[in-house]
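Open the structure in your viewer and keep the sequence panel beside it. We will go from stop to stop, and at each one you get something to select and something to look for.

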Amino acid sequence: MRNIFILVFIIGLFFLAGCNENLKNSAQQNTNNSTTTSQQATTPVDHNQKYEAMIYWEQQGKIVPVRKQVGTISELVNTLFRGPSEDESKSGYFTELPKVSPNKVILEGDKVLLDLPTTFYDARGSFRVSNILKQIVYTCESFPGVKKVVFLKDGNPISVFPGEGFVLAPYVDKNSINGQKGE
Amino acid sequence: MRYLNIFLFLLCFLLCSFGVSNAEDLSTVQNVFFKTSPNAVAVFVQLQGEPKFSYFRLEDGRIVLNIEQSRILKKGTIMPSSNIVSNIHFAQNTPDMVRVVVGSDVKASYNISKVDGGILISVGSSTPLLSLANGITNEAPKLLPYNYIPEKSQLANSQGSQGNSNLVPNNSNPETSQLKSNQSSQGNSNIYTPIKNAKLIVIDPGHGGSDPGCVANGVEEKIATLGVALHLKPILEKMGFKVIMTRETDRDVWGRPNMPGYDADESELQARVNIANENGAALFLSIHFNACADPSVHGTQVYYYSPQSYKYASTMVNDISKVNPVYTDRPIRRPFWVIKYTTMPAILIETDFITDPSVASQVYNSDYQEKMAQAIAQGIYDSYKEIYQ
C-alpha cells in the first residue's frame, strides 16, 4: 500500500513539473510576443521632413548614385522600382530591377522589410542579380538609420534568390553582397 | 502489491521484446551494383534479410524504390554513363527505410523484382533482366564496394573490375601519353600531359528543366550552359579526370517533391552541392551565362566564395582571357549557394552575356561551345596541378 502512495506521489511530481514547464513556456512566449511587438514599432517619421538619400542606377555596368529628396523609405524604394526618368535614361542610366511594384516596404529599426511579388525573383544572371541587390540595398542604406534589407516573397521569408542562388538569408547588406558576412 | 510488481515486470518485458523483434525484422542493404548492356541497365540491390518494398515512378522518369524496415551500410551514388540511366542514388531515407532512386529516361520501360540475395531493378525492359543480373550476382563477391566517396584512383579500378568499359576514364591508351587538344582550329597548341590517378571533377551546367535561366535574344541560358558542359566533359576525361555532371539533359537536378528541410529553390541548388560533396569532388565548376540591362556589356566573369577557391578562380580568369574578353579581370567574391556550400575549391563561371546580341548569336554554335570548353578545361587542368600536384 505504501508503495502505491509513493508511485502516486512520483506521478504527481511529474505532473507538477509539466505544469511548471507549461508556465515557463507561456512566460517565454509572452516575452517573445512583447519583443516582437517592440520590434514592430517603426522608426518615427516626420512626413513633413525631407531626407537626403540616393537612388542607385546602373551605368555601363557600374552602380552609380543619383541624389534624391524623399519623405519616407517607401517613397525612396517605390521611386527606385519605377526606374530611371526619361532624362536619366537619356543620360545613360539603366535599372536591372524587374518591372514590378513592391507589395510592402516596412521600416523596422535598422532593417527594411521588403516584400516583393514572386515575379521579382524570376530575374537571372549573376551580374544582373548582384546589381539588382546592390541597387536595392545601397539605395535603402542611403536612408537615415537603415543598415540591412530583409527580402520577402509574397509575405514569406526567402533564403535564396533562385537560379544562380544568391544567398539572401537572414538579411542582405553591403558586406553580404560582397560575400563578406561572417568573416 | 505483489500483483502490481508482477504486472509492471510483464509490461517491461513485453516492451523490450517488442523492440528486439522490431530490430530483428530490419533488413540490411549491403551494396548496390549495376551492369549495362547496349539497351538496358540492371541494378542489383544486395540485401541481407527479407525485403519489404514498394516503388513508383516520377514524372521525369526517375524510378523510386523504397525498401521498408531496412538499414543501409553506406549511402552512395553511381553514374553509369548510360543513355538509359543517368544516375543511381541510394541512402537511408528515414530511420527505418532505404530509398534507391534510379534516374532514367522517362520512355524506358522498367521492372522491379525480388531475386535471390536482393532486389533487381531492370531498366530498358519490362521483364527482369535475369541474365544480366546473374552476371552481377556471380561477380558480386569479387567486386569492390561502390563507396560514396571514392578513394584516390580507386574509382577507376573498381569500375574496371565491374567490367564496364564505359566508365574507365579515357586515359588508358599509352599512345595518348601526350594529347594535343583539338583547338587547332582556334590556333591554340596546348599540350596536355594526362594526369595520373586524377581525382573527380563535378561540372554543373546552370539551371535546366523548369528553370530556363536568362532568356535573351532568342537564347535560353540552360541550353547554352549544357552545350558548353557537354563539350567540356570529354576534354577533361582525355586529360585523365573522372567527371560527373549534375545534369546531362535539359532537366531539373532535383525536381519534386522538395528535399526534406529545403524549399523548391533550395532543393535544386542543394542537390548540385550534394553531388559534389558526397562524391568527394576535387574541383567544382558551375557554368552559367550572364545578363545585363545594358546590351553592350559583354565578357566573362568568374565567381568564388571560399578563400580556398581564390587560386582556382584566378587561374580560370587567366586561361579564359586567352580566348574570350573578360568583363572583370579578377575573380569576384559572391555568396552563391553552389559555391558557398560545396566543400572543395568551387567556382561559378559566367561565360559571357547573352544580352549582348553578338554573343547570343554564337552561344548555341558548337565551335563557340568547344572554344569555351577548351579554355575552361585548361583552367581546370592548370588549377588542379597547382592545388593538388
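Predicted model: local features only at pLDDT ≥ 70, side-chain atom pairs only at ≥ 80, totals over all residues.

**Stop 1**

Colour the model by chain and begin with chain A. Its 183 residues include 32% that are buried. Five helices and eight strands make up its list of elements, and along the sequence they come in the pattern α-β-β-α-α-β-β-α-β-β-β-β-α. Take the contacts in chain A between residues at least 6 apart in sequence: 60% of them join residues at least 24 apart.

Now switch to chain B. Here you will find nine helices and 20 strands. Of the 389 residues in chain B, 47% are buried. For contacts between residues at least 6 apart in sequence, 69% in chain B link residues at least 24 apart.

**Stop 1: a sheet in chain A**

Select residues 104-108 of chain A, which form strand β3. This strand belongs to an open sheet of four strands, in the order β3-β4-β5-β6, with mixed pairing. Which strands sit at the edges? They are β3 and β6 (156-157) of chain A, each pairing on one side only.

Next, highlight β5 (residues 148-153) of chain A, which pairs with β6(A) in the antiparallel sense over two bridges. To see one bridge, pick A:Leu152 and its partner A:Pro157 in β6(A).

**Stop 2: a sheet in chain B**

Move to chain B and look for the open sheet of five strands ordered β5-β1-β2-β10-β9, where the pairing is again mixed.

Zoom in on β9(B) and strand β10 (residues 118-123) of chain B, which run antiparallel and are joined by six bridges. One pair to click on is B:Tyr110 with B:Val123 in β10(B).

**Stop 4**

Select β17 (283-290) of chain B. Are its residues buried or exposed? Eight of its eight residues are buried. Show the side chains: B:Leu283, B:Leu285, B:Ile287 and B:Phe289 point one way, while B:Phe284, B:Ser286, B:His288 and B:Asn290 point the other way.

Strand β17(B) has parallel partners to show next. Strand β13 (residues 200-205) of chain B runs parallel to β17(B) and is joined to it by five bridges, one of them between B:Ile201 and B:Leu283. Strand β20(B) also runs parallel to β17(B), with six bridges between the two; here B:Leu285 has B:Ile347 as its bridge partner.

**Stop 5**

Select α5 (264-278) of chain B. Because 12 of its 15 residues are buried, the rest of the structure largely encloses this helix. Among the buried ones are B:Leu269, B:Val273 and B:Ile275. The buried residues of α5(B) pack against β7 (160-161) of chain A, and also against β13, β16 (242-245), β17 and α7 of chain B.

You can check the length of α5(B) too: at 1.5 Å a residue its 15 residues should span 21 Å, and the end C-alpha atoms are 20 Å apart, which agrees. Just after the helix, click on B:Gly280, which takes a positive phi of about 65°.

**Stop 3: where the chains meet**

Show both chains together. In this contact, 28 residues of chain B touch 24 residues of chain A. On the chain B side, elements that each supply at least two residues include α5, β17 and β20 (346-353). That side divides into 14 nonpolar, five polar and nine charged residues.

**Stop 4: two packed helices**

Finish with α6 (310-320) and α9 (366-388) of chain B, which pack at an angle of about 140° with their axes 8 Å apart. The crossing is right-handed. Among the residues making the contact are B:Tyr312 and B:Met316 of α6(B), and B:Ile376 and B:Ile387 of α9(B). Six residues of this contact are nonpolar, four polar and four charged.

Definitions and conventions
Residues numbered from 1 in each chain as written. Chains lettered and ligands numbered in written order. Axes fitted to C-alpha atoms, helices over the stretch in contact; angles between N-to-C directions. Left-handed = near helix turned anticlockwise from the far one by under 90°. Contact = placed C-beta atoms within 7 Å. Nonpolar A, V, L, I, M, F, W, Y, C, P; charged D, E, K, R; others polar. Pairing = 2+ DSSP bridges. Buried ≥ 20, exposed ≤ 12 C-beta atoms within 10 Å, placed from the backbone. Expected span 1.5 Å × (residues − 1).
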